[in-house]
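Subject: Structure handover

Hello,

Here is the structure for you to look through. My notes on what was found follow below it.

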Amino acid sequence: MRKKAYLLVILLLLVTMTLAACGQDSTQEPTQTTTGNQSSRSTLEVVKNRGYVIVGVNSKLPGFGYLEPDGSYSGFDVEFGRALAAAIFNDPNAVEFRPLSAKDRLTAVQTGEVDVLMRNTTWTISRDTSLGLNFAPTTFYDGQGMMVRKDSGINSLEDLDGARIGVQTGTTTELNLTDHMRKLNVDFEPIVFEDLDSVVAAYEAGSIDAWTTDISGLASRQATLADPNAHKVLPEVMSKEPLGPVVREGDDQWYDIVKWTIFATIEAEELGITQGNIDSFMNSDDPVFRRFLGVEGDLGTNLGLSNDFTVNIIKSVGNYGEIFDRYLGPDTVFNLERGLNDLWTNGGLMYAPPFR
Amino acid sequence: METKMEPPKNTIGIIGWLRKNLFNGWFNSLLTIIFLWIVFTVLYAALKWVFVTADWTVIVVNLRLLLVGQYPQDQIFRVWLALTLVSTLTGLSWGLWKGTIGNLAIALGASFLILSLFPFSGEVKTWLLVNATAIGLGYVLGRYFPILRKPTAASWILLFPFIIVLLRGLGTSWLPIVGTNLWGGLMLTFLLAIVAIVFSFPLGVLLALGRTSKLPLVRYLSIGYIELIRGVPLITILFMAQLMLPLFLPEGVTLDRVLRAMAGLTLFSAAYLAENVRSGLQSIPRGQYEAAQALGLSNFKTTFLIVLPQALRAVIPILVGQFIALFKDTSLVSIVGILDFLGIGRSIVAQPEFLGRQREILIFAAAIYFVFSYAMSYASRRLEKSLGVGER
């Protein structure tokens with residue numbers, strides 16, 4: 001008995017020792033993941049010293065951010081993180097992706113845990129002003145839609161009187177739905193779920209009559225339903241959802257870099273420059289191309305980057321249209337229309353200010 | 001001369017058992033038939049789904065992701081090495097102590113051998129066989145060298161910190177640092193659970209002693225801590241750790257996300273553990289303290305030599321129950337964006353080719369959680385038996 005108790009004391013001691021050892025481990029941690037002191041050093045300096053940029057992403061959003069079987073991240077949002085890495089380091093892989101949840105994403109930007117957030121975040125005035133955040137140009141214009149069964153006889157939101165509507169809890173979607181239906185004076189029964197998979201499962205099982213989320217989400221899920229043609233998306237759009245990158249307020253240079261990285265992909269599409277044909281433009285005499293590609297002028301150095309940062313971006317990830325097509329376009333299961341996300345010259349909203 | 005009469009045929013054997021237990025009377029016969037029908041329908045639907053409807057390629061393709069997350073491919077040998085160490089020690093303990101650990105070792109070795117029959121890559125097969133061999137070798141060594149008892153016990157204790165260092169690396173060219181942001185899958189689930197269990201245990205014991213202490217300051221601090229934590233759901237604590245903690249830290253300093261989750265789980269579990277241990281402390285009769293005092297033992301010796309060993313023995317079932325709950329509770333970290341086993345599963349469902357395959361993922365996850373929880377509960381039952389809990 002005595003021996004056993006003796007052993008127990010030793011055990012307790014050893015455990016405390018490992019506790020202490022791990023305590024040392026954790027004191028080293030901050031020095032490693034320090035993301036910089038904004039008052040003394042600019043974000044760009046910190047990122048350059050670190051050797052890679054930290055991007056907050058969604059790890060569970062089909063088409064926009066997910067893990068590949070080999071452990072790498074893929075998706076539309078993720079690709080803009082690679083573009084940023086290419087702009088700074090001329091290496092699309094000089095980036096670390098941090099999966100963030102809808103609830104902790106904005107805190108992660110505020111505390112500097114991530115340098116930039118690229119995680120389908122809706123640009124709203126309260127987020128922009130009261131949370132100390134800055135929103136870079138919108139990379140994807142979304143809106144809230146509603147999916148119903150074709151044989152349900154529902155053709156507009158007004159027909160949903162008395163219907164059971166599935167919605168994901170804790171999102172702007174839920175609030176929009178309530179607001180919009182109250183405006184239309186339609187009585188409905190909201191059925192809230194923790195995640196979208198459950199909403200879709202309930203809809204397929206027939207326990208709800210309709211479900212709502214962003215139109216891109218509706219389209220991507222429709223492709224996975226047992227019979228995609230038995231469902232339709234109602235024509236009404238209930239909200240505006242401009243989704244784009246977010247950075248912390250207070251470092252204008254960093255904000256500019258993120259902004260013009262996005263613009264560069266849009267401008268490249270407008271100029272017809274793609275990942276494949278970019279080399280043929282390098283010797284162009286047209287001053288527009290020469291300035292954009294950094295052959296002349298100092299647009300890049302003014303940002304704190306190299307003059308050919310646009311070339312690095314396009315060579316690594318392609319122009320906006322190429323990124324869109326790769327993850328959301330006709331060759332993917334989502335088969336999304338460009339719609340609002342087409343260039344302004346084609347009737348969309350994608351518009352880059354002049355590179356001059 | 002007496003004649004031996006055989007008992008009537010329909011009262012012995014299977015038929016007899018059936019008649020006696022399932023069909024004794026019209027009511028029980030009806031019940032039996034109805035339940036057989038229900039069991040058959042459910043089983044048929046379940047088996048049909050598992051073998052016909054379900055598409056398990058999503059698991060096969062993403063198996064590595066589910067098990068070790070984004071741990072770099074060229075460093076994966078470290079995970080295998082860690083597993084091999086566990087296997088070796090399990091084998092050694094089997095040879096040294098037999099009993100429960102032996103059954104677990106056999107189950108582990110058998111799983112390795114069965115898994116090695118699956119069409120994995122050569123590297124994986126080699127490692128699986130290495131692990132099975134390690135168990136066997138350990139057994140032989142332990143069997144013939146009982147002198148290894150103390151080193152083995154010490155190795156078990158040193159194993160965990162060693163594995164952490166092995167997985168994280170030293171920053172040298174041999175063992176480059178692999179940041180915790182790349183840890184994931186089942187491996188991370190285990191690490192979270194083990195860290196929480198290992199660290200919350202001493203903390204909980206100290207809190208329990210503190211709560212029963214005669215010093216008012218210590219007692220009230222312990223009570224305050226325990227009641228505060230027990231009054232808050234775990235998910236709130238995890239959110240606090242992820243959202244609020246960074247705001248209190250000095251500008252520019254950020255703590256590792258996984259570390260924050262580990263801290264949250266540990267602090268939470270410690271409060272509950274303290275109450276469990278306290279219930280054990282209260283079960284010790286007053287006479288034990290008095291006898292210890294009569295022998296002239298100091299307070300420290302009374303606590304650590306007389307009271308605690310008996311108290312802890314009494315609460316083993318509760319403690320293991322809590323550890324099992326904690327193991328499953330680690331899945332909550334997937335809500336705060338950490339890619340543990342369940343978190344990885346939820347992220348796999350977002351792969352375009354596997355959209356809508358969440359059923360397969362969730363059932364696979366449930367099966368894995370069940371296997372390990374059951375192993376823990378089995379070990380605890382055997383441990384209780386060998387210590388004679390509830391028998392004396």
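Two residues are in contact here if their C-beta atoms, placed from the backbone, lie within 7 Å. Please keep in mind that this is a predicted model.

Helix H16 of chain B

The buried residues run from Phe341(B), Leu342(B), Gly343(B) and Ile344(B) to Gly345(B), Arg346(B), Ser347(B) and Ile348(B).

What lies over them? The cover of the buried residues of H16(B) comes from both chains. Chain A supplies, among others, strand E2 (60-61) and strand E3 (65-67). From chain B itself the cover includes helix H3 (57-61), helix H4 (63-68), helix H9 (185-211) and helix H17 (358-387).

Chain B as a whole

Chain B contains 17 helices and 0 strands. Along the principal axes, its C-alpha atoms fill a box of roughly 90 × 70 × 50 Å. Of the 392 residues in chain B, 32% are buried. Among contacts in chain B with a separation of 6 or more, 73% are between residues 24 or more positions apart.

Domains of chain A

Chain A is divided into two parts: domain 1 (43-140 + 243-346) and domain 2 (142-241). Taken over C-alpha atoms, the centres of domain 1 and domain 2 of chain A are separated by 30 Å. Where these domains of chain A meet, 9 residues of domain 1 are in contact with 9 residues of domain 2. On the side of domain 1 of chain A that touches domain 2, the residues are 7 nonpolar, 2 polar and no charged.

Nonpolar cores

In soluble globular proteins, nonpolar side chains tend to be buried together. The largest nonpolar core in this model has 151 residues. Those with the most contacts inside this core are Val55(A), Leu84(A), Ala87(A), Leu192(B), Ala196(B) and Ala261(B). H9(B) gives the most to this core, with 15 residues. Domain 1 and domain 2 of chain A each contribute at least three residues to this core.

Which residues does Ala196(B) touch, leaving aside its neighbours within four places in sequence? Ala196(B) is in contact with Met262(B), Leu265(B), Thr266(B), Ser269(B) and Leu326(B).

Regards

Definitions and conventions. Residues are numbered from 1 along each chain as its sequence is written. Chains are lettered from A and ligands numbered from 1 in the order in which they are written. This is a predicted model: local features need pLDDT of at least 70, side-chain atom pairs count only at pLDDT 80 or more; totals for chains, interfaces and linings use all residues. A residue is buried if 20 or more other C-beta atoms lie within 10 Å of its own, exposed if 12 or fewer, and partly exposed in between; C-beta atoms are placed from the backbone. Helices (H or I, at least four residues) and strands (E, at least two) are DSSP runs, numbered from the N terminus. Domain bounds come from an automatic or database domain assignment. Ala, Val, Leu, Ile, Met, Phe, Trp, Tyr, Cys and Pro count as nonpolar, Asp, Glu, Lys and Arg as charged, and the others, Gly among them, as polar. A nonpolar core is a set of buried Ala, Val, Leu, Ile, Met, Phe, Trp, Tyr and Cys residues joined through C-beta atoms within 7 Å.
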